[in-house]
Amino acid sequence: MKQRICKRCGRCCRVTPPSLLEDDIVLFREHELDYGYVYTIRAGEVVWDNLEDRLITSSFELLKFKESEEGYCIFYKHEEKSCMIYDIRPIQCRAFFCTDPGEFYKIFERPKLTRYHLFKDSNIMRLIEEHEKKCNHDLLDKMIKQIEQDGEAAVKNVLSILRYDHELRLAVKTKLNIPEEYMDLIFGRPLSKSIEYYGFKLQREGNTFTLTLSPVPPKAPA
Ligand code: SF4
Ligand code: SF4
């Protein structure tokens, strides 16, 4: 077995912040970790893969800890180069070691924690399903690819699901009194962020939504 000497450089808490596995549900059930620390990557979503250093399309749903602007896991404490939740850190964090990632890759195959485990049989689950029907990433992808062929008509379609995504979040926050920081877990990252991977930007002025070309599509939007 390779010797494991951790230099505590923190790179793994930036490059490979964990996705959560089914068994990590104890973090919420037993340790009462707040849902506001987590966001969802939905199936079909285009994401930047830090390990492979390229854009990929996620074929399944994942829950991840939120990241700071510099891309570090929200629980990474820079001053002390340490993990704020070390004793209860997720399974993937326990398994990962930079010079010996074999265990991590094995663990990665285990069943993932999803929104369905956290919100089973609730009204929120019904909202999630409705949102998935009208606002999923396959649909967004098709609509964006149609722009080249159909021009303005396709742009209108894209804007209509961006608007739906935006307004549903707003309604759930104001009418159901659900904190803003839960929205990226309940509905995934806003579609207005996702379109940046396609080289577009959403400009919003009051109730007017406009799609513009992003001069330099970001490699990995925050
Ligand atoms: S496991 Fe490796 S990458 Fe992570 S902190 Fe230790 S030395 Fe750095
Ligand atoms: S939970 Fe802790 S160990 Fe895991 S990525 Fe975040 S800071 Fe690093």
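Ligand 2 is surrounded by Cys 13, Pro 17, Pro 18, Phe 65, Cys 73, Phe 75, Tyr 76, Cys 83, Ile 85, Arg 89, Pro 90 and Cys 93, where a residue is taken as near a molecule or strand if its C-beta atom, placed from the backbone, lies within 6 Å of it. By class, this shell around ligand 2 comprises 11 nonpolar, no polar and 1 charged residues, with Ala, Val, Leu, Ile, Met, Phe, Trp, Tyr, Cys and Pro counted as nonpolar, Asp, Glu, Lys and Arg as charged, and the others, Gly among them, as polar. The model is a predicted one, in which local features need pLDDT of at least 70 and side-chain atom pairs count only at pLDDT 80 or more, whereas totals for chains, interfaces and linings use all residues. Residues are numbered from 1 along each chain as its sequence is written, while chains are lettered from A and ligands numbered from 1 in the order in which they are written.

Around ligand 1, the residues are Cys 6, Lys 7, Arg 8, Cys 9, Gly 10, Arg 11, Cys 12, Phe 97 and Cys 98, a shell that divides into 5 nonpolar, 1 polar and 3 charged residues. Of this shell, Cys 12 belongs to helix α1 (residues 12–15); helices (H or I, at least four residues) and strands (E, at least two) are DSSP runs, numbered from the N terminus. Cys 12 is buried, with 20 other C-beta atoms within 10 Å, on the criterion that a residue is buried if 20 or more other C-beta atoms lie within 10 Å of its own, exposed if 12 or fewer, and partly exposed in between, with C-beta atoms placed from the backbone. When its neighbours within four places in sequence are left aside, Cys 12 is in contact with Phe 96 and Cys 98, two residues being in contact if their C-beta atoms, placed from the backbone, lie within 7 Å. The C-alpha atoms of Cys 12 and Cys 98 are separated by 7.2 Å, although these residues are 86 apart along the chain. Arg 8, which is also part of the shell around ligand 1, lies in the segment before α1 and has a phi near 55 degrees, a positive value in a residue other than glycine. With 11 C-beta neighbours inside 10 Å, Arg 8 counts as exposed.

The protein chain is divided into domain 1 (12–116) and domain 2 (121–213), the bounds coming from an automatic or database domain assignment. The C-alpha centres of the two domains lie 24 Å apart, and 13 residues of domain 1 are in contact with 15 residues of domain 2. On the side of domain 1 that touches domain 2, the largest share, 4 residues, comes from strand β1 (residues 38–41), and the residues of this side divide into 7 nonpolar, 3 polar and 3 charged. In the loop between α2 and β1 lies Glu 32, which has a positive phi of about 55 degrees although it is not a glycine, and which counts as exposed with 7 C-beta neighbours inside 10 Å. Arg 29, located in helix α2 (residues 26–29), is likewise exposed, with 11 other C-beta atoms within 10 Å; its C-alpha atom is separated by 9.3 Å from that of Leu 118, 89 residues away along the chain.

Helix α7 (residues 137–150) has 14 residues and reaches 19 Å from its first C-alpha to its last, close to the 20 Å expected at 1.5 Å a residue, the expected span being 1.5 Å times one less than the number of residues. The buried residues of α7 are Leu 140, Met 143 and Ile 144. Seen down the axis of α7, these buried residues fall within an arc of 100 degrees, so they line one face of the helix, the arc being that of the directions from the helix axis to the C-beta atoms. The face turned away from this buried side carries the exposed residues Asp 138, Lys 142, Lys 145, Glu 148 and Gln 149. The buried residues of α7 pack against α8 (152–175) and α10 (191–194), and just after α7, Gly 151 takes a positive phi of about 60 degrees.

Helix α8 has 24 residues and reaches 33 Å from its first C-alpha to its last, close to the 34 Å expected at 1.5 Å a residue. Within α8, Val 158, Leu 162, Asp 165 and Val 172 are buried, and the buried residues of this helix pack against α6 (123–134), α7, α10, β7 (200–205) and β8 (208–213). Just after α8, Asn 177 takes a positive phi of about 60 degrees.
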